[in-house]
Amino acid sequence: MTTPPPDLSGAVDMSHGGGGRAMARLIRDIFLRHLANPLLDQGHDATRLDVGSGRIAVTTDAHVISPLFFPGGDIGSLAVHGTLNDLAMAGARPMALTAAFIIEEGFPLADLDRIAASMGRASRDAGVPVATGDTKVVERGKGDGVFITTSGIGVVPEGVDISPRRLSPGQVILLSGPVGDHGIAILSKRQGLEFGTEIRSDSAALHRMVADMIAAVPGVAVLRDPTRGGLSATLNELANAAGVGMQLEERAIPVRPEVAAACELLGLDPLNVANEGKLVCVCEPGDAETLLAVMRDHAEGRDAARIGHVTVDRPGFVRMTTAIGGQRVVDWLSGEQLPRIC
């Protein structure tokens with residue numbers, strides 16, 4: 001006998017966070033319906049994992065994006081991708097995720113169902129289950145629709161040591177694809193801007209591509225995903241942490257024409273705009289072509305490029321040779337360019 005679909009015509013109220021029948025129904029009708037898997041089905045507040053051998057990597061992230069739905073994704077898929085990518089940047093093989101939802105009273109059940117469905121699809125596509133979670137409801141006016149906090153656990157294979165302390169002069173800087181897509185997609189949706197063509201977020205899980213990169217070159221020095229603050233913030237953070245300089249080539253940094261045009265119109269620097277499906281890789285020069293080939297074998301790295309190198313001079317500074325042959329400093333972003341971006 002087919003189970004009838006749940007009634008999603010209403011909205012979240014305070015009883016959905018009270019621990020009683022209404023909360024159990026919400027979890028059953030929305031979260032368990034979309035996120036069900038053997039780990040979640042254990043039914044405990046703490047899920048048991050068999051991690052085998054290796055070192056454990058753990059990460060957590062809060063997602064407060066506005067708007068909740070945007071071209072190329074939504075807060076549900078973004079929460080999965082963001083946490084998987086944080087694990088991948090440590091060289092870890094993701095094993096499981098957790099998810100905590102803070103929902104404002106009055107939030108439409110249909111929208112919550114849409115978010116949970118998206119999260120379930122992203123989790124299944126990535127092959128990494130949401131193993132446990134939590135739900136809280138706050139009074140109307142004390143939240144902003146829905147916030148999601150996700151944590152992830154993974155295993156780092158023996159011999160993998162990805163860390164800024166391994167940066168050294170002469171190493172090569174690689175980028176997996178065009179920058180700025182996510183931030184401009186969010187801005188266009190938030191402000192109702194039209195650019196002649198739809199700009200979609202690059203939100204994607206990168207762990208499979210990273211696993212292939214590490215298999216091909218176990219000695220990768222550094223991996224980072226340039227999210228908030230964009231490429232400039234990521235490279236400045238690395239340069240400062242390791243006490244090295246970096247030299248970029250503007251012509252080598254991929255930016256989609258429509259993103260570049262939107263940034264020019266809005267007075268934004270694409271290097272400061274957030275990404276959610278790109279990575280920076282720093283490696284030895286002899287490994288660069290191998291890693292580029294691996295990245296280009298994946299949809300997420302099809303446009304991977306070599307964009308610069310690590311230098312011994314001007315430690316802590318990131319410089320760039322511009323398209324017209326000049327030099328400029330690629331500095332940290334001052335203030336918040338795009339609020340509520342992830």
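Predicted model: local features only at pLDDT ≥ 70, side-chain atom pairs only at ≥ 80, totals over all residues.

Student: Where is Met320?

Tutor: Met320 sits in strand E12.

Student: Is Met320 buried or exposed?

Tutor: Buried. Met320 has a relative accessible area of 1%, and the cut-off for buried is under 20%.

Student: Which residues does Met320 touch, leaving out those up to four places away in sequence?

Tutor: Its contacts include Gln247, Leu248, Glu249, Glu250, Ile253 and Leu271. Gly326, Gln327, Arg328 and Val330 are also among the residues touching Met320.

Student: How far is Met320 from Lys136?

Tutor: In space, 47 Å, C-alpha to C-alpha. In sequence, Met320 and Lys136 are 184 residues apart.

Student: Now Ile324. Where is that one?

Tutor: Ile324 is in a loop, between strand E12 (318–321) and strand E13 (327–329).

Student: Why does Ile324 count as exposed?

Tutor: Because its relative accessibility is 81%, and exposed means over 50%.

Student: And how far apart are Ile324 and Pro218?

Tutor: C-alpha to C-alpha, 37 Å in space. Along the sequence, 106 residues separate Ile324 and Pro218.

Student: Switching to rings. How many aromatic pairs does the structure hold?

Tutor: One.

Student: What lies over the face of Phe69?

Tutor: Arg114, at 3.8 Å from the ring centre.

Student: And over Phe317?

Tutor: Arg314 lies over the face of Phe317. The distance to that ring centre is 4.6 Å.

Technical notes
Residues numbered from 1 in each chain as written. Heavy atoms only, no water. Phe/Tyr/Trp six-rings, centres within 6.5 Å; stacked < 30°, edge-to-face > 60°. Lys NZ or Arg CZ within 6 Å of the ring centre and 35° of its normal. Helix = DSSP H or I, 4+ residues; strand = E, 2+ residues; numbered from the N terminus. Buried < 20%, exposed > 50% of the residue type's maximum accessible area, 1.4 Å probe, protein only. Contact = heavy atoms within 4.5 Å.
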